Amino acid sequence: MENQTRKKVMEIRNLSITFRTAVGPVHAIRGVDLDMHRGETVAIVGESGSGKSVTMKAAMGIMDKNGQVDSGTIFYTYLSDDKTEKTVDILQMKKKELRRHINGKRIAMIFQDPMTSLDPTMMIGRQIIEGMLWHKRATRKAAWGKAVKLLEEAGIDDAEKRMKNYPHQLSGGMRQRVVIAIALACDPDLLICDEPTTALDVTIQAKILELIQRIQKERNICVIYITHDLGVVAKIADYVNVMYAGRIIEKGTVDEIFFDPRHPYTWGLLSAMPDMDMSNERLFAIPGSPPNLLHDIQGDAFAPRNPFALNIDKRLEPPMFRISKTHFAATWLLDPRAPKVEMPEILKNRIQAMREGEIGHG
Amino acid sequence: MDNCEPLLKVQGLSSEPLLEVQGLSSEPLVEVQGLSSEPLVEVQDLRREPLLKVQGLKQHFVMNGHFTVKAVDGVDFVIYPGETYGLVGESGSGKSTIGRSLIRLYKPTGGKIEFSGMDISGKMDKSTTSRLRIEMQMIFQDPMACLNPRKKVGEIIAQGLDIHHLYQSRAERKEKVAQMLKKVGLSPEHADRYPHQFSGGQRQRVGIARALIMNPKLVIADECISALDVSIQAQVVSLMQDLQAETGTTYLFIAHDLSMVKYISNRIGVMHMGHLVETGTTEEIFSNAIHPYTKSLLSAIHRPNPKSERVRVALSYDYKEQGVDYHKGIQQHLGGSHLVLATAEELVKWTQ
């Protein structure tokens with residue numbers, strides 16, 4: 001990435017992860033490259049099992065025990081305690097070091113289900129200050145004061161009183177706000193959100209997204225957003241990475257992905273979303289289901305579900321083709337020798353309508 | 001209680017067994033409040049006889065002596081044969097409770113449910129129960145949790161047939177299962193597999209097969225796609241539509257995802273806090289939403305369009321702030337089948 005003003009926070013290169021399971025090794029991640037920069041929101045989109053969560057868990061060093069990194073590096077750049085810039089490979093770090101310097105302190109994560117990420121036996125105030133006491137050696141009083149401020153920042157009224165509540169006394173949306181407050185407690189510079197709104201109601205979803213968006217802007221931190229909902233991506237992301245079967249198959253800015261998608265899988269994803277402004281024509285469904293990663297994949301993993309698959313797709317995995325400075329896609333359709341294939345008509349019309357900004361509110 | 005208006009309304013209804021008290025309710029006054037202002041049929045299309053008629057349905061859960069959760073508090077709606085009725089609302093609004101009360105997983109506290117000519121709200125005799133269990137089926141949200149992991153898929157699908165003795169021979173049973181599996185896009189060999197051997201989308205197909213093998217008149221689909229991936233959601237919804245076209249069954253589609261509900265439903269009901277705040281055809285709800293809660297729901301839908309999404313701010317709705325009391329409102333008719341729960345002043349305010 002040539003732009004000098006963008007400051008790289010994390011750089012993942014050629015990451016491959018295998019899980020040892022009872023039925024054999026599962027190649028969950030098969031060569032992922034990813035860059036994250038300060039002040040940007042990066043979305044990772046994909047179906048469940050495509051490896052989006054595993055990638056980010058590896059980046060935080062909290063992989064499951066049966067996981068094993070086959071290759072790759074995750075370089076993380078941060079300002080260390082003595083104010084010097086430091087770059088470390090997270091995969092080479094010891095667990096203890098990670099806990100002390102990285103987890104929760106510089107990289108924080110928000111999980112899908114707010115109930116399981118909170119301790120039901122602890123008052124939420126104590127849960128928020130826990131990190132500050134441990135990482136920042138803050139005094140109890142200072143930490144408490146900051147926690148109240150964080151709760152207010154997360155949009156909780158009556159924060160002082162809420163500090164003494166237990167998680168079960170709060171609604172789902174409130175709990176997720178508490179989780180966000182906990183994540184922000186140590187001023188992280190990388191915030192990983194793993195489907196933070198999936199378990200919430202639509203109206204609350206929108207509020208939580210707006211909250212994360214606001215926090216990202218105010219603190220100028222890097223937010224990684226893992227989701228399968230393209231509507232969410234459209235709202236918050238600057239950069240989008242589409243994952244399929246353990247690989248990133250298309251990446252680009254949000255405009256490039258939504259207005260000029262190149263990979264047939266991205267086409268499918270975009271047209272599978274019901275459009276509020278379309279008449280009730282038949283919804284496009286990607287046929288088949290994602291491949292089983294237990295088996296070795298020959299060629300392009302998406303080929304069996306791809307109506308545009310070429311012969312070469314069955315033999316050789318496509319490399320990343322460059323479309324623009326920021327836009328890449330892994331499909332043989334972009335090879336100069338490939339036949340010219342246009343995206344499906346429905347999608348074309350829809351994109352056309354979006355570009356013209358005709359889509360208003362229902 | 002706030003007696004003046006609702007009480008007057010109810011007087012007209014007193015001939016109907018709406019006032020039947022089903023034990024649980026602590027205060028009888030609330031019962032009388034049953035907000036069903038006018039019998040819905042009058043406003044609705046008279047040519048069709050509804051398949052399901054719900055009047056003043058209440059489902060209360062007594063927590064302890066002082067506290068009763070009024071999960072559903074006086075809901076009226078009708079569902080016509082062959083249509084898809086979408087029920088939307090946030091979690092805790094009572095939409096799933098309605099589904100469960102209808103299929104009698106709960107005993108309704110009050111109100112009347114009429115389903116294909118049977119009264120299924122009170123105590124049911126044996127033949128009614130048996131008919132209800134055949135003619136109304138349910139598809140559940142979590143395709144893993146709703147399938148018995150120790151049974152083969154074929155057994156799971158055929159269980160209803162076994163219970164109601166709906167086949168003459170083993171061969172016929174096997175044939176029925178095989179046909180059903182084919183209908184939902186699986187192959188007959190899958191009958192000998194266990195649920196864990198299937199993917200999420202396939203499991204949901206098994207759930208659909210289990211419901212439809214009974215040839216039901218009404219299928220209650222309770223958040224049946226929200227646990228699935230986007231690309232699989234589209235598959236399952238298309239499958240449900242195909243099966244509806246083929247068998248003419250009726251769906252009650254409960255979901256919180258308005259975009260999918262819009263796509264599949266003919267008519268929509270919007271639930272909030274145990275009340276049906278607005279109902280109408282999909283067109284009426286989406287182009288002319290009146291109730292502020294419906295409006296906030298509509299504004300919260302994400303669209304896959306970065307241009308408009310980035311600047312969009314969802315409307316918020318707080319019924320306490322706006323001083324909306326659902327108990328005071330009555331179902332106001334706005335033409336067609338469009339009804340809004342509002343008082344006269346509220347209606348004027350909202351339609352301005």
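**Two sheets and a chain contact**

Four bridges join strand 6 of chain A to strand 7 (residues 190-194) of chain A, and the two run parallel; strands (E, at least two residues) and helices (H or I, at least four) are DSSP runs, numbered from the N terminus, and two strands pair if DSSP finds at least two bridges between them. This is a predicted model, in which local features need pLDDT of at least 70 and side-chain atom pairs count only at pLDDT 80 or more, while totals for chains, interfaces and linings use all residues. Residues are numbered from 1 along each chain as its sequence is written, and chains are lettered from A and ligands numbered from 1 in the order in which they are written.

Sheet of chain A

- In chain A, eight strands form an open sheet in the order 6-7-8-3-9-10-12-11, with mixed pairing.
- Strand 6 (107-110) and strand 11 (321-322) of chain A stand at the edges, each with a single partner strand, so one side of each is left without a neighbour in the sheet.
- Met109(A) stands opposite Ile192(A), which belongs to strand 7 of chain A.

Sheet of chain B

- An open sheet of four strands in chain B has the order 2-1-4-5, and its pairing is antiparallel.
- Strand 1 (residues 52-64) of chain B is joined to strand 2 of chain B by 10 bridges, and His60(B) stands opposite Lys70(B) in strand 2 of chain B.

Contact between the chains

- 38 residues of chain A are in contact with 36 residues of chain B, where contact requires C-beta atoms, placed from the backbone, to lie within 7 Å.
- Helix 8 of chain A gives the largest share of the side of chain A that touches chain B, namely six residues.

Technical notes:
Contact = placed C-beta atoms within 7 Å.
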